[in-house]
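Please consult the sequence and the coordinates alongside the points below.

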Amino acid sequence: MELKNGPISVFSLIFNALKMANQAFGSVVSLLILIVLCAALMAGILVGANFLLGPRWLMILYIPASILMAFLNITFTMAVIQILAAKMEKRGYSAWESFTGSLLPSLYFIASSILIGVVSFVIMFCANLAHSAWVSTICMLVLTLGFLPFMFTQSVLALRDEGPISALKYSWDLGSKNYLRILLVLITLVLCFAVFFLAVGCAIKAFAPQLMFMLTQYMGPFMFSFMTWKTFLILLVIYAIGLYVYLFMQAVITGLFLNLDYSSRATDMQQIDIQAEAIKARSTPGSDSMAEVAVTQASIKTDSMENTDQHLDQVYKAQEHLAQAIEQEEDRMPTILFDDDMARQLAAAEEQMRRQQEQSAKDKDDNEPKSVKMSDKPL
């Protein structure tokens, strides 16, 4: 069941809920057997207390046993939600894991139910002061529609690890944002059930009227006194159908919750990304801002610095300028040595060479014989 790809249609939700109910039926039956064993253990404790300690102790233990049975019913619902969610999200989840993982959420659900129950009691008590059936009916209808966003409280507690108050707030936020969609799904679900049970009732009355007579006779308080294998088989089929219908309803609600929750989270993540991009865009200067900065830099002149661009460039690119300065200094160091020491050495060598040339020229003049000048007079 693809729940993370955006909102799905009502009929697609109902069709997939039927498929999830088929897949989770075996795990839920195992969970139901576990709940029945716990209930049988409590019944055995009550019977033993009545037999050993007398009826007085049975009355004392009856109240906590009733509370524990109600707690087991809530735990069963929480565990069913966890199993269905695991099937929808395609992950494994056993009946025992769902049972143990639903104990604490069940306690939280009792606390949140008490909060909603107190508010509902106060409102209905004020409505009953008018002593009008119409006022009470309208008030009950308003309460039903007004508390509709809280229908996801069990799903939130079972699947999102929230506390009692935070689960109510979580469910209210999610339900109020998608109120019309939830109302449309519930109306469609009620109409589907009405058509289904009407068709089943008409079919039984038309083709098997004896079955309808047996149901009306054996489903009373004396059902077990007339129990036979046929009635037992009929009751077993009826309970199986009832369990499947219950699973289907929970699958619709759970699938709707997961789909709306994933869609809401995806929308929130998109809004966060948009806000982050907007903040990044505001923090990054645009081309117009950079042009204004360039004009401002070109227009600012000081006595100690002829070009503000060069100063800003050196401030914001200090590492590059430092590397360039070190490289220029390394290039300049041999030049400085050549200008000082090598100039003196070259001057001395040049002077020595000039003296050697003068000395060699003088020696050459001394060694050559002097020519005898002949008289110009004729003989």
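His-131 lies in the loop that joins helix 4 (103-128) to helix 5 (133-146). The model is a predicted one. In it, His-131 has a positive phi, near 55°, although this residue is not a glycine.

**Loop residues with positive phi**

- His-131 has a relative accessibility of 75%; the threshold for an exposed residue is over 50%, and His-131 therefore counts as exposed.
- Lys-90, a residue other than glycine, likewise has a positive phi, of about 60°.
- The position of Lys-90 is in the loop between helix 2 (55-88) and helix 3 (95-101).
- Lys-90 has a relative accessible area of 64% and is exposed.

**Packing of helix 1 and helix 8**

- Two packed helices are described by the distance between their axes and by the angle between those axes.
- For helix 1 (residues 10-52) and helix 8 (residues 179-207), the axes come within 10 Å and cross at roughly 55°.
- An angle of 65 to 115 degrees would count as roughly perpendicular and one under 35 degrees as roughly parallel; helix 1 and helix 8 are therefore oblique to each other.
- The crossing of helix 1 with helix 8 is right-handed.
- On the helix 1 side, the contact involves Val-10, Leu-13 and Ile-14, which meet Leu-184, Val-185, Thr-188 and Cys-192 of helix 8.
- The residues of this contact between helix 1 and helix 8 comprise 6 nonpolar, 1 polar and no charged.

Key. Residues numbered from 1 in each chain as written. Predicted model: local features only at pLDDT ≥ 70, side-chain atom pairs only at ≥ 80, totals over all residues. Heavy atoms only, no water. Axes fitted to C-alpha atoms, helices over the stretch in contact; angles between N-to-C directions. Helix = DSSP H or I, 4+ residues; strand = E, 2+ residues; numbered from the N terminus. Parallel < 35°, antiparallel > 145°, perpendicular 65-115°, else oblique. Left-handed = near helix turned anticlockwise from the far one by under 90°. Contact = heavy atoms within 4.5 Å. Nonpolar A, V, L, I, M, F, W, Y, C, P; charged D, E, K, R; others polar. Buried < 20%, exposed > 50% of the residue type's maximum accessible area, 1.4 Å probe, protein only.
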